[in-house]
Structures are given as C-alpha cells and as structure tokens.
Protein chains: 2
Amino acid sequence: MDQQSKSSDGALRARAMRVIPGGMWGHQNAPRMPAGYPQYFERAQGCRTWDADGREYIDFICGWGPTILGYGDADVEAAADRQRALGDAMNGPSERLVELAELMVETVPHADWAMFSKNGTDATTACLTIARAGTGRRKILVARGAYHGAIPWCSPSVVGVTDEDRAHLLYYDYNNVESLEAAAEECRGDLAAILVSAFKHDLGKPHELPTVAFAQKARALADSADAALIVDDVRAGFRLDMGGSWELVGVRPDMAAWSKAIANGHALAAVTGNDRFREGATRIFTTGSFWTAGVSMAAAIATIRKLSAVDAVVHMRAMGQRFRDGLDAQAKRHSVPLRQSGPVQMPVLLFESDADRRLGDTFCLEALARGVYLHPSHTLFLSAAHRETDIDMALAATDEALAAVARL
Amino acid sequence: MDQQSKSSDGALRARAMRVIPGGMWGHQNAPRMPAGYPQYFERAQGCRTWDADGREYIDFICGWGPTILGYGDADVEAAADRQRALGDAMNGPSERLVELAELMVETVPHADWAMFSKNGTDATTACLTIARAGTGRRKILVARGAYHGAIPWCSPSVVGVTDEDRAHLLYYDYNNVESLEAAAEECRGDLAAILVSAFKHDLGKPHELPTVAFAQKARALADSADAALIVDDVRAGFRLDMGGSWELVGVRPDMAAWSKAIANGHALAAVTGNDRFREGATRIFTTGSFWTAGVSMAAAIATIRKLSAVDAVVHMRAMGQRFRDGLDAQAKRHSVPLRQSGPVQMPVLLFESDADRRLGDTFCLEALARGVYLHPSHTLFLSAAHRETDIDMALAATDEALAAVARL
C-alpha cells in the first residue's frame, strides 16, 4: 500500500476485482479490449507510455485524446505550477478564468463567450440546456450511433436509463441530408437544437468528415427553425483546426462543446457560444465544485498558446499523413485489406470484411507486443510530441504486425 | 494578458462581462451575493484566502467545501507531485486507483466497492443509474428543496429543463417519516431508490441532522421495496464522520455519493456501494475523459490518511463548537436573533424574521469588511487548518458585525 510501490498489471487487476465493480468501468475497461491490452499505467512522457509491467509504447491513444502536446509538456506544467502555488479551487475563480475565456473567444471564430466545466458530458449537456433555454423549445436532433457522453440522455448503454431520459431526441444519419431534413420536419415548431459531432467518429465504424452539403444543410435548418446548431468538438477540438473543427467546412455553429485536449490532460471542459445564445446561457443554472479551479485553466491557456505558436495542427497533420502513407504502403505490400479513415491526425484503422475483428485484433496485439499502442475500433490520436522518428519506429512495428495479419 | 499580472476585481468583472454570459455562472456567481462580495480570488493558503484586490480573509467557505485540510496542504500536494511526475490522465488508471478504492472500502463501513468521477453530480447521477440498473425499476424519492447537482434531473433551476427530465422523481419532506412513507407508497412496485442528503442543508433554510426515526424509516422502506438507499454525502463527506455521515445515526446506505472534500480541492468524486448493487454498478456505462487521472487520486489517498491520522473530524467539531459558542454569546449580548443550525463544523447562520435577509446580509458584509468570509444563506465549512487563534480572530470580527446588526 505504499504509494510509490509497483505492482504488476495482473496483481492490480486482482486487487481491483474486489473493490471496483467488475474490476473497472467505462471506456478504459481493459477486459472490453482484446486480451493482452494493459489495464494499468505506470507513467507517461511525450508520446510514450509505460504500463504497470514496465512495457514502453509509442502511444497513439494519447490518454484517449487529452494529450495533444505530449504527456507532461514542460510549458503547460510550468504554467500549472505557477497557478498551483497561488491556489486552485477557491471561493471564486482566479484571473485565469477571464484570460481563458478571452483566449477562447479570440481563438474560436463563432465564440462570443465561453463557460467552463470538467467533463465533455458537462459541456454537451450544458449546450442542450442552453439551447432549450434560449429557444423555449425541447427537441434535439442527434446522429444515430454518435457518442456525446455517458449520462442517461446520451450514454451508449441504456442500462439504468429510462425512456423519458431521451424523450425529446430525434435521430438522423450523419452526412445524410435527407434524414436530417426529415428529423427536423418531424419536430417542426419544437426544435431546440441540432447536435452534430465534429466528424463521424463512431466506435468501430469508418470515420467521415462532414460533407459541405451536410454542414450547410444543418446550418440552414437550424437557422430556418431559429434553433441552435451545436458542434460536439469534445473529441476533435484543437486537433483539426484551432478555430473549431467545422471551420474546415466553412460552417459556424452557435455553440460548441470542448474538453479532452484543451488543457493537455488537465481536467477541463468548455462551452463556447455566440451572442444569439448568450441570454440562454445566462439564464440556466449549471455548476460544479471544481469548475473554476485555476490550475486546469492555467494549463489550458498555456496549451492553446503553444498549439498556436508551434502550429500543432499542421505538425499533427504531417505526422498523421506520414503514418497513414506508411501503413497504406505496408498494407498493399502485405495484401491485407486495411482501410484507414477519418482525418489523418485522428484516424481509425479498420479491416474490410472483419466483422469478428480477427484481423483488427491481431494487428493491434502484434503492434502492442512491438511497443506501439493502437486501438482496434476507436479513433486514434496523434500529438504534437510525435516526431518523424516516432512515426518511423511505429511503422517498423506495424510492418511486422501487418505481416502477421497476412499470415492469418 | 500576462499570466502573472494582477487586475482588480472590478476590472476582471468588466472583462468577464464581455466573454462570459452574465459575467459568471453557477454557485460562485458573486452578483447573486450581496454587493460587496469579491468575485475573483488571487490566492489561498491554510484557512486564509486573498481576493483579487488583495484583501485577506479567514475563510469559512473553504472553496465551498473542498478545502478540508486547508488550502495547499503540504502532505497532499507532495503526494500529488509524486504522481504528477509519473503521469496524470493516461490510457488507463494508475495504481493509485486501486489503492484509493481499497482505502475507501476500508474507511467507509457500507462500502464493498468504489468508483470515481469528477463532479458531485457525476456521483449522484451514477447512483441513480446503478439503482435503476440493479432493481429494474424507475422511481426515485427525493427531498423537496434538496440540492443533488446541476444537470436537468436535479438542477435547482428548471430553465432549459423538460418535464420528462424529472418524470420519475417523487418528493418527500426531509425528516418527515409520513411524507416519506406516502411517497414510497405512491410508486409501489416501481421504486428504485430513496435519495437522502447527509443532512438537511437547503439554501437559506435552517439545517437539520437526520433524526434516527427518519433514517431508520428510510432504511426500512428501501429494504421492504428491495430498493436502494442512497446518501448524498457530496457536501458533508468526511466532515461529520470518516465512515460516512449516516454513521452518526447508525444507518448504512447501499450507496453514497462523494466529492468536494475527498481530495482536499483536487477535482474528484466517488460512488461507494455495497455488494447488493455491485452487479448493477458493473452493468451501467459511465465514464469521463479524466476520471482515472492519477494526481487527484494520489491527493485523495493523502487526504483521507491525514484526516484519519490527525483526527480531523474531532478537531473541526471542536473549532466549530468554539465558533458557535462564541457567536451565540455575542448574539445574546447584542440581542440579535441569530439562529445557528446544522452540525457545528458545517453550520448555517440565519437570523429570525429576516425574510429580506437584511440582518443576514449586514452581518456577513460587516464580517467581510473585517476579514472574515461568511455566507448569508449557504452552509459554511470549517477545516482542519482552522486553529483556535483563527476562530478567536474571526469572533473578534463577528462581534463588531453583530453590533452593526444590533444598530439596524
């Protein structure tokens, strides 16, 4: 029980099974992954992670997104330290709150204002509540299969969820203009918001950037119904475009939900919005004990400034393209049906005709055994800490992993 | 915009008004307080806080609860630092998760297991979801006027909330056995859980510890309906009893929600539960990007161990009693109708026949002007960092503040 002791992954799992339901919960639950994935991590630095058994990985999950400048980025941690010496959760916010809200408004073109919380789910939920407050209407359009958080209105599981929790959701298919129109028509007169993911990044499915036609139709439908267009940028925020992911398609939402990468791993979430929804945002009540704590805000300020200063999006795109090109060439050489999709800095690696995920699991486990942490069905993440040498080392491992797939 | 610059409270409010809806949100929104309360804080240490204008206060809000060992406790921060050097939010939990779950189970008699999140609302919401999963039923009994979080099912505001968000809630009056029985009877056959605050701590109302009769009835009704008894210990956890607040009345819940003070100001929440609800807890899906981050867990481990080691509950009770006794003597001497209620380490200070809060506001503002941070309607918090000298200095200020009330 000494805090600095080290236990093996197996020993920790056994202990956890006694004091944590099922041994673990949520998206990090390793038993939901192919056998062989580590559950516990000992440390992380840059683009590398070490599991509890001391195995080192080049990491393409980045803490499931938050690590955008690399684990333990010195500039971010120095800013966090300066604020920590003053105070973190106090009776009210620190000056960092104002600086961060100003920086978000300066960085994100649609944003006239910002509010902060802790979880991506806090941010998506606040967006819906603000949209309902601002419009006086109830219905929300959501894409089938999209992930927007893990409380009853949005959880991917319906266990413990009641029908009423989702009474005012209507569903459309991402990038399908007709289905979006039909859903909007179905709740005509009661439409509060259209909620869209930054891009289609459903678990285990090919990823798709929004089409311009889809994005423009979402904007037009929201406008004609005087409803809110909300982009859920929790997963993608600051990896595709510093101004918000839909800048890529030239469409600006009324609100966006942010979390994950905005403070390089410090717990923080944000809602940004335009003046149409300022009054609604003023009227709702949303809060949390740690929502104005200064350390994560200092970290966010340092993160956003550094992302801009080093042009991190361009770098992540270059590294992602290098990884994608390398993998494509390897897949062709080994004649395996690897199908990469999504933006190169947030790809998903799937195999054709692989419903039982035999190819995908083999590929990822063989990569894992060679020191590369990938995921067989979830979006991967590049960071600004991935250098060409890391990509090339990872490609050396994936070449052997794809050779193993070819032998199946 | 330099991160280390200092701006006045007024200047920060003016800047915030442009980039934050209404200038601030939630429970820390100073414009909802009497004019004269500071909005921004510069730093905090021990039981002292300094606002953005450099005014020092002996603090009886403790960051609205989280600060239980004092701001910046050296032992807690050292533990946080050790983990931070390794890693915080990684691809999976660190060993700290297992240690903390073991420590919660060891410390809290009803707990056979624990899970962790970030906000008190995360914990209360997970308790409800687990209760529904475990029972296959839907209805939740909630006390009228109780605060359990700030998302649509529980927010104190209904702005942006739909009727369906609360479709399965039924209401009783705290400490009223008949009303609890009637509510349980009303949803017979569909009762998932009875949710109770650790004690009645509604805003602006006299606080009440649970009566033994009420607590036993809640337990008996839950048992006879095979439903869950859930204690919301978010606000009170570890201030009244290290084993959970209802240890005071000898009644053990099936689950409890924790947050606020469990990591001395680091963002963390927890659900503890017994084996009856282990399976339900295993089946639900709940998660967040930062929920297994190691730093706040290292802080929680250090906090809980130190609270036990220094017998913090006994100390806070002694300091609270000293403050209460001093205030009562002063009120009597000045002939002002101060009515203190709630546990002494979490009191609320109200005045009789003070519906417009003229007495309460005057009292708090006069205390504030003399360097004591109180609140006119919310639960106050003592911490282990309050020493007799702090209490006595605070009492010197409240004596003058009560004299001012007497002059009204």
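The model is predicted: local features need pLDDT of at least 70, side-chain atom pairs count only at pLDDT 80 or more, and totals for chains, interfaces and linings use all residues. Residues are numbered from 1 along each chain as its sequence is written, chains are lettered from A in the order in which they are written, and side-chain values use heavy atoms, with hydrogens and water left out.

**The interface**

In chain A, 108 residues are in contact with 108 residues of chain B (contact means heavy atoms within 4.5 Å). The two chains bury about 9,500 Å² between them, 54% of it on carbon and sulfur atoms; buried area is the accessible area (1.4 Å probe) that two parts lose on being put together, summed over both.

Eight salt bridges cross the interface of chain A and chain B, a salt bridge being a side-chain nitrogen of Lys or Arg within 4 Å of a carboxyl oxygen of Asp or Glu.

| Atoms or groups | Distance |
|---|---|
| Side chains of A:Arg15 and B:Glu95, salt bridge | 3.9 Å, N to O |
| Side chain of B:Ser179 and backbone nitrogen of B:Asp173 | 2.8 Å |

Between chain A and chain B there are 42 residue pairs in polar contact, both residues at pLDDT 80 or more. A polar contact is a pair of N or O atoms within 3.5 Å; within protein, one must be able to donate a hydrogen and the other to accept it, and residues adjacent in sequence count only if both atoms are side-chain atoms. The side of chain A that touches chain B has 48 nonpolar, 32 polar and 28 charged residues. Here Ala, Val, Leu, Ile, Met, Phe, Trp, Tyr, Cys and Pro count as nonpolar, Asp, Glu, Lys and Arg as charged, and the others, Gly among them, as polar.

**B:Ser179**

B:Ser179 lies in helix H5 (residues 177-186) of chain B. Helices (H or I, at least four residues) and strands (E, at least two) are DSSP runs, numbered from the N terminus. B:Ser179 counts as buried because its relative accessibility is 15%; buried means under 20% relative accessible area (1.4 Å probe, protein chains only). Beyond its neighbours within four places in sequence, B:Ser179 is in contact with B:Tyr172 and B:Asp173.

**Helix H9 of chain B**

Helix H9 (residues 312-334) of chain B has 23 residues. Its buried residues include B:Met316, B:Gly320, B:Phe323 and B:Leu327. The buried residues of H9(B) pack against elements including helix H8 (294-309) and strand E11 (338-341) of chain B. After H9(B) comes B:Ser335, with a positive phi near 55°.

Note on methods. Buried means under 20% relative accessible area, exposed over 50%, partly exposed in between (1.4 Å probe, protein chains only). The expected span of a helix is 1.5 Å times one less than its number of residues.
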